[in-house]
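Hi,

Here is the structure I promised to pass on. Have a look at it first, then read on for what turned up.

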Amino acid sequence: MDERDAVAALEHLGLTSYEARVFIALQKLETGTARDISRIADVPRSQVYGAAEGLEDHGLVEVQQSSPIRYRPVDLDVAKTHLRSRFEAHQSDAFRYLERVERDRASAGDQQEDIWTVQGSGQIESRVRDLASNAEATLLYACSAEELTCEFREMLNDRARAGVDVTYVSADADLDAFDAGVRTVRFPDRLQPPREQSGRALTVDSHGLLLSVLGSERVPGASAETAIWSDETAFAAVLSELLQSWFTTHLDVEAAGRVTE
């Protein structure tokens, strides 16, 4: 470590750059005037006085009221104790405030559910994967054929092999492309929303939920997709329960094996 590193380290402990340089200069001088300090500390003489006063406030220098005024550093062990106490006090103040912020956030969280919005098919696919990969009991996924990539199909197969009750719903996908453990349901045309608006739906274990819709094209041939999602919230629990109830009522998703309308 050179002097520049030592100055930087003292700055991290709460000293200003000029205070750090003056303190180091006094270690070299043992005692000195503002002129002496300025000569070896690369600090303007006019700034030495303010820096020395700051060091005195920190308990790091002693001042001799002579003419000219002379300064002397305290013992290094004393200086170390003062700086450690100062650092710990600032740390305590900062974390006391952060803990209060955390408590306030937790209190607000008791009253506000976490419902998130995500845009863009890539981001939505990533969120679907994250939610679906955590399914332990039930998973229901509805999407169009274009959104059922090989990766998604294999993910549904994997969840079924792990013992998850998996249901896949679509109006146009190849429903024979899954393992026997995946229940597949063909969405009837009479219940289909307009194709240019239909997105995807996912429910996971009655506590995770994602719903998306397609918007107008921003790029020719590519519709903008927007989704809301929530997990481990009352909102997700209620809405996922409603969705599963709707699918059960209209599509007989609880029937064994592959079923159609």
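**Salt bridges**

Let me start with a charged pair: Asp93 and Arg96 form a salt bridge, with their closest N and O atoms 2.9 Å apart. Bear in mind throughout that this is a predicted model. Both partners sit in helix H5 (residues 76-109), and because they are three residues apart there, about one helical turn separates them. Asp93 is partly exposed, at 43% relative accessible area, and Arg96 is partly exposed too, at 47%.

Helix H6 (residues 121-133) holds another such pair, Asp130 and Arg127, three residues apart or about one turn of the helix. Their side chains meet in a salt bridge at 3.8 Å, N to O. Asp130 comes out as partly exposed, with 37% relative accessibility, and Arg127 is partly exposed with a relative accessible area of 26%.

What about Arg200 and Glu225: are they buried or exposed? Both of them are buried. Their side chains meet in a salt bridge as well, 2.9 Å from N to O. Arg200 belongs to strand E8 (residues 198-204) and Glu225 to strand E10 (residues 222-231), so this pair ties together parts of the chain that are 25 residues apart in sequence.

There is also a network of salt bridges, which links Glu154, Asp158 and Arg161. How many salt bridges does the count come to? The count is ten.

**Helix H4**

H4 covers residues 45-57, which is 13 residues, and at 1.5 Å a residue it should span 18 Å; the C-alpha atoms at its ends are 19 Å apart, so the two values agree. Its buried residues are Val48, Ala51, Ala52, Gly54 and Leu55. If you look down the axis of H4, the buried residues fall within an arc of 160°, so they line one face of the helix.

What do those buried residues pack against? Their partners are helix H2 (17-29), helix H3 (34-41), strand E2 (61-64) and strand E3 (70-73). Turn to the other side of H4 and you find Ser46, Glu53 and Asp57, which are exposed. Just after the helix comes Gly59, with a positive phi of about 80°.

**Cysteines**

In case you were wondering about disulfides, the count comes to zero. As a reminder, a disulfide is a covalent bond between the sulfur atoms of two cysteines. Cys143 counts as buried because its relative accessibility is 5%, where buried means under 20%. Cys150 is exposed, with a relative accessible area of 58%.

**The chain as a whole**

Finally, some totals. The secondary structure comes to eight helices and ten strands. The chain has 261 residues, and buried ones make up 36% of them. Looking at contacts between residues at least 6 apart in sequence, 58% join residues at least 24 apart. The chain exposes about 15300 Å², and 49% of that is supplied by carbon and sulfur atoms.

Cheers

How values were computed: Residues numbered from 1 in each chain as written. Predicted model: local features only at pLDDT ≥ 70, side-chain atom pairs only at ≥ 80, totals over all residues. Heavy atoms only, no water. Helix = DSSP H or I, 4+ residues; strand = E, 2+ residues; numbered from the N terminus. Expected span 1.5 Å × (residues − 1). Buried < 20%, exposed > 50% of the residue type's maximum accessible area, 1.4 Å probe, protein only. Arc of directions from axis to C-beta. Contact = heavy atoms within 4.5 Å. Disulfide = S-S within 2.5 Å. Areas by Shrake-Rupley, 256 points an atom, 1.4 Å probe, with all protein chains shown as cover. Salt bridge = Lys/Arg side-chain N within 4 Å of Asp/Glu carboxyl O.
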